[in-house]
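The sequence and structure are shown first.

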Number of protein chains: 2
Amino acid sequence: MEATTPNDTRNASREALLQAARELIVGRSYTSVGIAEICAQAGVRKGSLYHFFPGKEALTLAMLETLYADFEREVLIPGLAGANGLRARIDAFVHAIHAFEARMQTESGQLPGCPFGNLAVEMGTHNPTLRQAIRKHLDAVTAHFRSVLDEAVQDGELPPQTDTGAAAEQWLALMEGILVMAKADQDPATILRLGPALGALLLNPTPEVRHER
Amino acid sequence: MEATTPNDTRNASREALLQAARELIVGRSYTSVGIAEICAQAGVRKGSLYHFFPGKEALTLAMLETLYADFEREVLIPGLAGANGLRARIDAFVHAIHAFEARMQTESGQLPGCPFGNLAVEMGTHNPTLRQAIRKHLDAVTAHFRSVLDEAVQDGELPPQTDTGAAAEQWLALMEGILVMAKADQDPATILRLGPALGALLLNPTPEVRHER
DNA sequence: CTTGCACTTTACCGACCGGTCAACTAGTGT
DNA sequence: ACACTAGTTGACCGGTCGGTAAAGTGCAAG
């Protein structure tokens with residue numbers, strides 16, 4: 001078991017760099033965090049960073065992969081599959097996000113908002129590589145939302161003709177907007193105050209779907 | 001008429017700086033645009049900038065004031081007061097935003113999203129001054145939304161017990177989220193695809209408002 | 001003519017940016 | 001004992017960042 005184990009004590013520097021990059025970039029932003037700061041927090045010299053990653057962008061891309069994997073495992077799957085009924089699942093999801101943002105604020109003093117949405121806003125106009133990676137992760141989140149909505153259709157909670165793909169996209173859009181507002185407020189209460197809008201948006205018959213193609 | 005006129009040919013440099021800062025910061029982001037670039041685009045030397053403004057932050061604050069004033073005059077007031085009926089007004093607003101984003105993309109090659117939301121995301125965690133200024137402008141937008149919703153209540157389009165303040169905040173949140181998604185896609189069609197969600201959110205009875213305090 | 005002031009110009013500052021490089025260390029397989 | 005290699009280290013690079021200082025320009029009032 002030496003070539004099969006993915007992470008030995010080797011790569012300890014690599015893991016530390018990914019962890020430091022996550023904490024700093026999620027807590028602030030891509031451009032406001034420098035290579036030097038990431039290395040300092042990781043306890044690794046700058047040259048080692050460039051041994052494991054071609055540069056800052058590649059480090060960020062790898063960090064986003066681990067970030068999404070953890071988010072899927074710790075929030076998306078337990079939060080969306082746990083409760084019974086669509087409304088309860090939406091509420092559980094909102095509270096999970098609220099708990100994350102509130103914890104980040106007490107730990108680092110800042111309410112970060114959505115790490116993916118933040119990066120999409122910050123780099124979307126001038127870094128196509130990062131933008132497309134973020135777009136991929138957002139699509140993955142949308143797919144989780146859609147499976148929850150499909151289940152609600154099967155259980156009769158939503159009408160059979162519901163366009164669950166479109167509704168899942170709207171779910172993500174509203175969630176991103178809620179997190180933008182919460183970040184502008186720097187107040188996690190904004191998430192709870194705006195959270196019920198998700199139920200209003202997703203649990204209503206959406207009378208106009210004649211957008212047939 | 002020499003002290004009363006607000007802008008003579010004096011202050012031409014000041015106006016040029018505000019205009020350049022708007023084009024560059026709205027088109028990209030705050031941190032990615034430097035003082036030197038703003039001065040170059042304005043045709044003004046760096047020292048002159050520091051004659052009119054204490055620094056980059058103050059220049060940005062003044063730019064945001066003029067940006068909001070123009071947005072209110074050119075989009076908010078004509079777009080929201082023009083059409084008859086809530087649904088038509090929402091649609092007109094969505095199409096006005098879509099037209100703006102599409103024009104920006106053809107002119108500068110980039111779809112910028114919401115300038116205020118972008119800045120809130122980029123600087124919200126580490127520049128309280130900018131954050132509070134943005135928060136003020138977002139509140140002003142919300143107030144416009146609310147007056148439209150109040151009018152809809154008076155016209156019987158919405159039930160009398162509607163919490164128009166909360167609904168206006170949800171309107172803004174969803175609009176911001178739609179623009180985040182459009183920026184991640186770099187495609188103005190996303191605005192039109194997600195736009196109908198605004199109608200679904202605002203034109204439904206919103207059964208649970210028992211969030212009394 | 002001279003003084004004062006708003007504005008401009010240019011040179012310059014220290015700090016920091018992402019990234020490079022060559023030398024070095026330690027562990028492994030032969 | 002040896003060579004090879006993954007990993008580490010610290011010095012260094014040119015460029016850019018926001019901001020400063022001081023000299024200079026032109027115009028208007030006294």
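## Surroundings of DNA strand D

DNA strand D is surrounded by 14 residues, a residue being near a molecule or strand if one of its heavy atoms lies within 4 Å of it. The closest are A:Ser13, A:Ser48, B:Ile35, B:Lys46 and B:Lys56. Of the atoms of DNA strand D that come within 4 Å of the protein, 62% belong to sugar and phosphate.

The surface near DNA strand D comprises seven polar, four nonpolar and three charged residues. Here Ala, Val, Leu, Ile, Met, Phe, Trp, Tyr, Cys and Pro count as nonpolar, Asp, Glu, Lys and Arg as charged, and the others, Gly among them, as polar.

## Contributing helices

Helix H3 (46-52) of chain A and helix H3 (46-52) of chain B each supply at least two residues of this surface. H3(A) gives the most, with four residues. Helices (H or I, at least four residues) are DSSP runs, numbered from the N terminus.

## Phosphate contacts

Phosphate oxygens of DNA strand D lie 2.7 Å from a polar backbone atom of B:Ile35, 3.0 Å from a polar side-chain atom of B:Tyr50 and 3.5 Å from an N or O atom in the side chain of A:Asn11.

## Basis of the values

Residues are numbered from 1 along each chain as its sequence is written, and chains are lettered from A and ligands numbered from 1 in the order in which they are written. In this predicted model, local features need pLDDT of at least 70, side-chain atom pairs count only at pLDDT 80 or more, and totals for chains, interfaces and linings use all residues, while side-chain values use heavy atoms, with hydrogens and water left out.

Key
Polar contact = N/O pair within 3.5 Å; in protein donor to acceptor, adjacent residues only side chain to side chain.
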